[in-house]
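Subject: Structure for you to look at

Hello,

Here is the structure I said I would pass on. Please open it first and then read the notes below it.

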Amino acid sequence: MNTIGFKPALPVISGSKKLGLFSFNGGNQPIDFKPRGVCLIKVAMEETQTLKVDVQGKVDKLANGHAGKNHSHLSTIGNSTNIKWHECPVEKIDRQKLLQQKGCVIWITGLSGSGKSSVACALSQMLYQRGKLSYILDGDNVRHGLNRDLSFKAEDRVENIRRVGEVAKLFADAGFICIACLISPYKRDRAACRAMLPSGDFIEVFMDVPLRVCEDRDPKGLYKLARAGKIKGFTGIDDPYESPLDAEIVLQCNTGDCSTPCDMAGKVISYLEEKGYLQA
């Protein structure tokens, strides 16, 4: 691997710990970037460590095996290497005191047409009227942006749920009452999202509505398309839905005459009050 030769005045990156800003100073000498070269970067923040970085921005793992005094705390998570979790003085408990509520994830699952989004919106409105901060992660909405690169194939559905779970976890950590409403048909994926959060902070709400009722409603006309063979892998038709066995809340509707979304949301509100989530 070729190295980059620096002129005598080595540019130093100065960092602001509060703002996370960097500025170059102390050297305007030209740098000879050669293909696959490495350069030495001095990071002046809480501690100074020297990292070897190639011109493609990748850290040389062999060269950095002993970089910095806290190298033993560097982690490899998935495909991300040499990363470290940074703690901040303002924590979840502080944000909860500020908002006068406890952060959690309300995960509404059920067949298409079961009323997940309607209940989520009614719940969010009721929380707003009580002065409580919430945010909805709707299955269709997140596919307009964050998950627009994902299809409805089995492997993409897994990734879709994982991403939503990770975002929901961040909202809960911020002190929000996060309402995620997705079909999320597979038990293992919902269990994986539950495992992301502290015990008790994942509240599963099962919209227990029979397929025939959902198909009669068919608000988006998707069941009709699935029955005609125009949509493949549609949950409830040619792809399974695995009903929760241990959901914290079950909202049932066995006939076409069901409780209103507000009545159903009221049951969730009662649960949150009982468990202390509507106070710090």
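Cys262 is partly exposed, at 45% relative accessibility. Buried means under 20% relative accessible area, exposed means over 50%, and partly exposed lies in between (1.4 Å probe, protein chains only). Cys178, by contrast, is buried, with a relative accessible area of 0%.

This is a predicted model, in which local features need pLDDT of at least 70 and side-chain atom pairs count only at pLDDT 80 or more, while totals for chains, interfaces and linings use all residues. Residues are numbered from 1 along each chain as its sequence is written, and side-chain values use heavy atoms, with hydrogens and water left out.

Disulfides

The structure has one disulfide, a disulfide being a pair of cysteine sulfur atoms within 2.5 Å. Cys253 and Cys258 form it, with an S to S distance of 1.2 Å, and both cysteines are buried. For Cys178, the closest cysteine sulfur is that of Cys104, and the 8.6 Å between them is too far for a bond.

Strand E9

Helices (H or I, at least four residues) and strands (E, at least two) are DSSP runs, numbered from the N terminus. Strand E9 covers residues 177-181, and five of its five residues are buried, so the strand is largely enclosed by the rest of the structure. Ile177, Ile179 and Cys181 lie on one side, Cys178 and Ala180 on the other.

Two strands pair if DSSP finds at least two bridges between them. E9 pairs in the parallel sense with strand E7 (residues 104-109) over five bridges, and Ile177 is the bridge partner of Cys104. Strand E8 (residues 134-138) also pairs with E9 in the parallel sense, over five bridges; here Tyr135 is opposite Cys178.

Salt bridges

There are 13 salt bridges, each a side-chain nitrogen of Lys or Arg within 4 Å of a carboxyl oxygen of Asp or Glu. One of them joins Arg163 to Asp149, with the closest N and O atoms 2.9 Å apart. That pair links distant parts of the chain: Arg163 is in helix H4 (residues 154-173), and Asp149, 14 residues away, is in the loop between helix H3 (139-142) and H4. Arg163 is buried at 19%, whereas Asp149 is exposed at 53%.

Arg163 also meets Glu159 in a salt bridge (2.8 Å, N to O). These two are four residues apart in helix H4, and so about one helical turn separates them. Asp149, Glu159, Arg162 and Arg163 are linked in a network of salt bridges.

Regards
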